[in-house]
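Welcome, and thanks for taking a look at this one.

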Amino acid sequence: MRTRRYRHLNSPSQNLDSFLDILTNTVGVLMFISLFITVVAVESSTIVTTPLVSNTEKKPRFFEVRNNKIAYINDEEVDRQIALLMKNLPECYLPEIPSNLDSYTYQFYLNRIKDYENCRAQTLQTFQQFKGQTEHYKVTFYDLDALLYEPLTPDTGESYKTIAQTDSNFNKTLEKFDPNTDYLAFIVRPDSFSAFRAARKQAWKAGYNVGWEPLKEETPIVFGSNGRSVGVQ
């Protein structure tokens, strides 16, 4: 019996060496670019730890970090000034009009309502004209439901290079607070991350929790009627 022979077909195989070389070179270039960007960022001190917010019952004490200087916003002083303003405002009463009035009495109540509207208008105008001030900021109402804080001068605040000194304004301000009930909230401009890190280090040294929020150079500081929130990180 004859044995059947099978013919072995030798098909040409594809060579992937060139493709692997290209892939290896591409990955290597990407790694080099990533390493280069990281080194440049570290040298230019632009890396700041991403804030992770945690809940706290402590009261925030706000600071702005601009032009590598630290300025206390002191919104508590502004609240005091507004409370004093409200205390000196006249009370406006809206009368309730009884039913079944004669024309003379009805006209009397209409005049009372006009008095109420005039009183409210004067109160609104007084708020619109409010001008508060702290050590570093002038404060005005912003659409009557928020407060706008503007620096008194472009150079307001204390240089971060001196805040570590015992008699610095920053340390004197911290002495007015209590780490057990207060924490520090920093509003940080793009040009002042170095100053922020110095202030944060000093705050940690004094036992305070710290929160921060980046803010563009041209964006004003506005505290809304719903409160102010920069969480602890």
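Strands β5 (residues 146-151) and β9 are paired through four bridges, running antiparallel to each other. Please keep in mind that this is a predicted model. Within that pairing, Tyr 149 has Ile 221 of β9 as its bridge partner.

**The sheet around this pairing**

- β5 and β9 belong to an open sheet of four strands, ordered β3-β4-β5-β9, with antiparallel pairing.
- The edge positions are taken by β3 (131-133) and β9 (221-224); each has a single partner strand, so one side of each has no neighbour in the sheet.
- From one strand to the next, the twist averages 25 degrees.
- Helix α2 (residues 75-87) packs on this sheet and touches β3, β4 (137-141), β5 and β9.
- The direction of α2 makes about 125 degrees with that of β5.

**A closer look at Glu 64**

- Now to another strand: Glu 64 lies in β1, which spans residues 59-66.
- Is Glu 64 buried or exposed? Its relative accessible area is 2%, and the cut-off for buried is under 20%, so Glu 64 counts as buried.
- Two arginines meet the side chain of Glu 64: there is a polar contact of 2.9 Å with the side chain of Arg 66, and another of 2.9 Å with the side chain of Arg 189.
- Setting aside neighbours within four places in sequence, Glu 64 has contacts that include Lys 69, Ile 70, Ala 71 and Ile 73.
- Further along the chain, Glu 64 is also in contact with Tyr 137, Pro 151, Ile 187, Arg 189 and Ile 221.

**The chain as a whole**

- How many helices and strands does the protein chain have? The secondary structure comes to five helices and nine strands.
- Along the sequence, these elements follow the pattern α-β-β-α-α-β-β-β-β-α-β-α-β-β.
- The protein chain has 233 residues, and 30% of them are buried.
- Taking contacts between residues at least 6 apart in sequence, 67% join residues at least 24 apart.
- The accessible surface of the protein chain is about 16700 Å², and carbon and sulfur atoms account for 53% of that surface.

Technical notes. Residues numbered from 1 in each chain as written. Predicted model: local features only at pLDDT ≥ 70, side-chain atom pairs only at ≥ 80, totals over all residues. Heavy atoms only, no water. Helix = DSSP H or I, 4+ residues; strand = E, 2+ residues; numbered from the N terminus. Buried < 20%, exposed > 50% of the residue type's maximum accessible area, 1.4 Å probe, protein only. Polar contact = N/O pair within 3.5 Å; in protein donor to acceptor, adjacent residues only side chain to side chain. Contact = heavy atoms within 4.5 Å. Areas by Shrake-Rupley, 256 points an atom, 1.4 Å probe, with all protein chains shown as cover. Pairing = 2+ DSSP bridges. Axes fitted to C-alpha atoms, helices over the stretch in contact; angles between N-to-C directions.
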